[in-house]
Amino acid sequence: MYSDRQDAGRQLVANLRRCTGGDARVLGLYGGGVPVAAETAARLGCALDVLVVRELVVPGPPRVLVGAVAEGPARVLDEKAARRVGAGEAQLGELERDARVEARALGLRLRGRRPGLPLAGRDVIVVDDGAAGRLAAEVACRDARARGAGRVVLAVPAASPSTVDHLWTVADEVVCPLSPTFFVTASDFYLDFPPVSEVEASGLLERASERTM
């Protein structure tokens, strides 16, 4: 168990020190990944940025998750789910355009006037507060790679074994201290797991920027 997201960030650091240096970039997935990433970046002495991912959901009932996109060009599809609900390329393209516009607008609000960190040639640590499924973490890793990351490390405090196995196919290294067989949701591994607001995430990013200026 982790007491909260800050505790999770601290516990990730011990595993991350062996696989990256202080010149790495840390990207926290919005929203719960940002406080974990902020703690991790501060203790590693790395610069922090946010990575916004938005799900592609075919409206229902029932609502069906068919993929995910990030701010950059990366897209990941669950092709089986898309076929099951009859989502064709036209519908998927429309969902993708809307989700990417939303992701980019949110990223701009979270960073304020600061540009996103350049990733070209850098070690990049992608951090979330847990991975109940693979889509968000996978598209985040692919987005970092598309932006020129030299090496991508995915760090999540808890995830299912099957998710961890899959994410090794898209990241150069996966750090996941807790990977129990019976994994349902990340919140099961935290004593305190409140929602993370846009204001809170923006404040963490601003303070991290001031620290690394």
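**Close-up views of a predicted model**

**View 1. Contacts of Val26.** Leaving aside neighbours within four places in sequence, Val26 is in contact (heavy atoms within 4.5 Å) with Ala37, Ala41, Cys46, Ala47, Leu48, Asp49, Ile125 and Val127. The model is predicted, so local features need pLDDT of at least 70 and side-chain atom pairs count only at pLDDT 80 or more, while totals for chains, interfaces and linings use all residues. Residues are numbered from 1 along each chain as its sequence is written, and side-chain values use heavy atoms, with hydrogens and water left out.

**View 2. The nonpolar cores.** A nonpolar core is a set of buried Ala, Val, Leu, Ile, Met, Phe, Trp, Tyr and Cys residues joined through side-chain atoms within 4.5 Å; buried means under 20% relative accessible area, exposed over 50%, and partly exposed in between, with a 1.4 Å probe and protein chains only. The largest core has 35 residues, of which Leu16, Val26, Leu48, Ile125 and Val127 touch the most other members. Two or more residues each come from helix 1, helix 2, strand 2, helix 4, strand 6, strand 7 (151–155) and helix 7. Helix 2 gives the largest share, 6 residues. A second, separate core of 31 residues includes Val53, Leu117, Val139 and Leu154.

View 3. Helices (H or I, at least four residues) and strands (E, at least two) are DSSP runs, numbered from the N terminus. Because 10 of its 12 residues are buried, helix 2 is largely enclosed by the rest of the structure. Among the buried residues are Val34, Val36, Ala37, Ala41 and Leu44. Their cover includes helix 1 (5–16), strand 1 (25–29), strand 2 (47–51), strand 6 (123–127) and helix 7 (198–212). Just after helix 2, Gly45 has a positive phi of about 75°.

**View 4. Strand 1 and strand 2.** Strand 1 and strand 2 are parallel and are joined by 5 bridges; two strands pair if DSSP finds at least two bridges between them. Leu29 stands opposite Leu51 of strand 2. From strand 1 the chain passes through helix 2 to strand 2 in a right-handed β-α-β crossover, a term that applies if, with the strands pointing away from the viewer, the path from the first strand over the helix to the second runs clockwise. Strand 2 has 5 of its 5 residues buried and is therefore largely enclosed by the rest of the structure. Ala47, Asp49 and Leu51 lie on one side, with Leu48 and Val50 on the other.
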